[in-house]
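These are my notes from an afternoon of looking things up.

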Amino acid sequence: VEPSNATVKGLTYVSQNTEIATVDANGYVKGVAVGSTTVTVTSVDDITKSATVNVTVVKADANSKETAIDFSTKGYANQHAITTENLDDNIALSMSGGTNSNSPKYFTTGSAVRFYGSNILTITAKNGAKLSAVEITFVTAKDVTLPDTTNVEITNGVATVSETIMSIVAETNATTITMTSKLQKGQFRIKTIKVIYSIKLKAD
């Protein structure tokens, strides 16, 4: 919601056809059946201000695969910097500080990764794979910020946020998705990242 200092930032979300897809109060869209519909987002402060997005629900791809990383199981010590991790043979992630000298690193107990302002997360598909979606789970704690669509920037995808979970739908044929923190202060804490992708299966 712009401007950033708006006093009323509330939005309402309405699906044109709930038999195809539903949308909750946080803008999280869930597919119900194969087909197409639209979701309209309207400002609570001014109902003349709205936007509509197209939503298409497709049948699951037979070549679809899923991989994930749970940072709380990695066993890294406090302040251990994270740069790259291979989730499997086809998916890699990297994290960098961006323009911030404070780069992503593990929290005290190793339960999550601290992600500061201007830090960049990049998900990359390899070996001919194409990204379908990314789901990121964040930790909620005192003095920790949760993400929304105003404090992160996503490239090659569209994000929705429901409490501690950010879901990113990839653009068609995307091989990379990036998330850049726009926080002016504080940090996110990332616990898990799940990636859904498609890749052509090799014939025996």
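Where does S111 lie? I found S111 in the loop between β9 (105-106) and β10 (113-116). I kept in mind that this is a predicted model.

Entry on S111. Next I looked for its contacts, leaving aside neighbours within four places in sequence. S111 is in contact with S72 and K191. I also checked G75: S111 and G75 are 36 residues apart in sequence, yet 8.4 Å apart in space, C-alpha to C-alpha.

Entry on a sheet. I traced an open sheet of 5 strands and wrote down the order β7-β8-β11-β16-β13, with antiparallel pairing. Its edge strands are β7 (84-86) and β13 (152-155), and each of them pairs on one side only. From one strand to the next, the twist averages 15 degrees. I then followed one pair. β7 and β8 (residues 91-96) pair in the antiparallel sense over 3 bridges. Here I noted that N86 stands opposite A92 in β8.

Entry on a pocket. I looked up the second largest pocket, which has a volume of about 160 Å³. Which residues line the second largest pocket? I listed K130, L131, S132, A170, E171, T172, N173 and S198. By class, the lining has 2 nonpolar, 4 polar and 2 charged residues. Strand β12 (residues 130-138) gives the most to this lining, with 3 residues.

Methods. Residues numbered from 1 in each chain as written. Predicted model: local features only at pLDDT ≥ 70, side-chain atom pairs only at ≥ 80, totals over all residues. Heavy atoms only, no water. 1 Å grid on protein atoms, 1.4 Å probe; cavity = no way out; pocket = protein on both sides within 12 Å on 5 of 7 lines; lining within 4 Å. Points joined across faces, edges and corners; volume = space filled by probe spheres on them. Helix = DSSP H or I, 4+ residues; strand = E, 2+ residues; numbered from the N terminus. Nonpolar A, V, L, I, M, F, W, Y, C, P; charged D, E, K, R; others polar. Pairing = 2+ DSSP bridges. Axes fitted to C-alpha atoms, helices over the stretch in contact; angles between N-to-C directions. Contact = heavy atoms within 4.5 Å.
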